[in-house]
Amino acid sequence: KKDGRVVALVSVSVVDDGRTAVVEGLRVVPAERGRGIAGLVQRHALGVMKSHFPSLKVKRSSRSGPLGPEVLAKFRMICHQEVLVLHFLAEELRPKLAVAIDQLKGGAGGWEDPVRLEIEEVKRVFLDPRVVEEVLPGRTITWDWSPYQPSQSNLDKLVTKGISWMADSREDPNALSLSAAPYGVPAGVGHLRLNIDIFGRDFPRVRGQFLAQLREGLEPLQGPVHCLVYLDPSLWSDLHAFCKGALGLR
């Protein structure tokens, strides 16, 4: 605080069996930026966590935008996902979404119904060595900006967060996705944010994950939605073009 007013905040979670601190939600009010407050708050938070978890050895965080050489000199990049930001009214998009899925179902090889994974299936699939190596970006599970190593203890944490876990196949998946209930954001009255994280590089399968998670997430909603879709950088243009052409989004 400064003069009794909150000017910065940060949250830190401990993962990887107490070995890693994940820094999340570091924010500084605009008027106080550029004064070293972010670093001060982060060091204090990490010091507090270290006092409670002496085994902490690694700090992990997410960054947006291009990374300059000064950042890459201090940190090791473990994975890279692009974000596609979509804005729409839920009640307007719902019928367009149904039409787009029906059209894909009627095409040649354009749609395979994604499957919802139960908790034990989540652990089996996300710990599978082939999935870790070939499907997960940088052998990392990312959920709402936060990176997690695919481990039993981390999955035990994640499965308690109300996440909808989907795959293109229970036995030999090449596309996976995570989403959870939308939450309110201070962009206006009734505005909601919906996050969808997708893993995989096969566009038809990734598109199927996107549509299935979007269909499920929109079902109970009304009003403005800000949807953030995290996916492999090589697929951003394809999904953006699909959203413009099939869903009428800009």
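View 1. The model is predicted. D3 belongs to the segment before strand 1. Its phi is near 55°, a positive value in a residue other than glycine. Most residues other than glycine have a negative phi.

View 2. Strand 1 (residues 8–15) pairs with strand 2 (residues 20–28) in the antiparallel sense, over seven bridges. One of the facing pairs sets L9 opposite R27 in strand 2. Four residues lie between the strands of this hairpin, where D16 takes a positive phi near 55°. D16 is placed in the loop between strand 1 and strand 2 and, at 2% relative accessibility, counts as buried.

**View 3. Strand 12 is largely enclosed by the rest of the structure.** Strand 12 covers residues 224–231, and eight of its eight residues are buried, so the strand is largely enclosed. In a regular strand the side chains alternate between the two faces of the sheet. In strand 12, P224, H226, L228 and Y230 point one way, while V225, C227, V229 and L231 point the other way; all are buried.

**View 4. Strand 12 pairs with strand 4 and with strand 11.** Strand 4 (residues 82–89) and strand 12 are antiparallel partners, joined over eight bridges. Within this pairing, V83 stands opposite Y230 of strand 12. Strand 11 (residues 192–199) and strand 12 run parallel and are joined by six bridges. Here L192 is set opposite V225 of strand 12. Between strand 11 and strand 12 the chain passes through helix 7 (residues 203–218), and this β-α-β crossover is right-handed.

View 5. H226 has its place in strand 12. From C-alpha to C-alpha, H226 and V206 are 20 Å apart in space, and they are 20 residues apart in sequence.

View 6. The structure holds zero disulfides. C227 is in none, and the nearest cysteine sulfur, that of C243, is 8.1 Å away.

**View 7. A search of the whole structure finds one cavity of 30 Å³ or more.** The volume of the largest cavity is about 30 Å³. Its lining consists of Q81, V135, P137, I198, F199, G200, R201 and D232. By class, this lining has four nonpolar, two polar and two charged residues. I198 and F199, both in the lining, fall in strand 11, which spans residues 192–199.

Definitions and conventions:
Residues numbered from 1 in each chain as written. Predicted model: local features only at pLDDT ≥ 70, side-chain atom pairs only at ≥ 80, totals over all residues. Heavy atoms only, no water. 1 Å grid on protein atoms, 1.4 Å probe; cavity = no way out; pocket = protein on both sides within 12 Å on 5 of 7 lines; lining within 4 Å. Points joined across faces, edges and corners; volume = space filled by probe spheres on them. Nonpolar A, V, L, I, M, F, W, Y, C, P; charged D, E, K, R; others polar. Disulfide = S-S within 2.5 Å. Buried < 20%, exposed > 50% of the residue type's maximum accessible area, 1.4 Å probe, protein only. Helix = DSSP H or I, 4+ residues; strand = E, 2+ residues; numbered from the N terminus. Pairing = 2+ DSSP bridges. Right-handed = clockwise from strand over helix to strand, strands pointing away.
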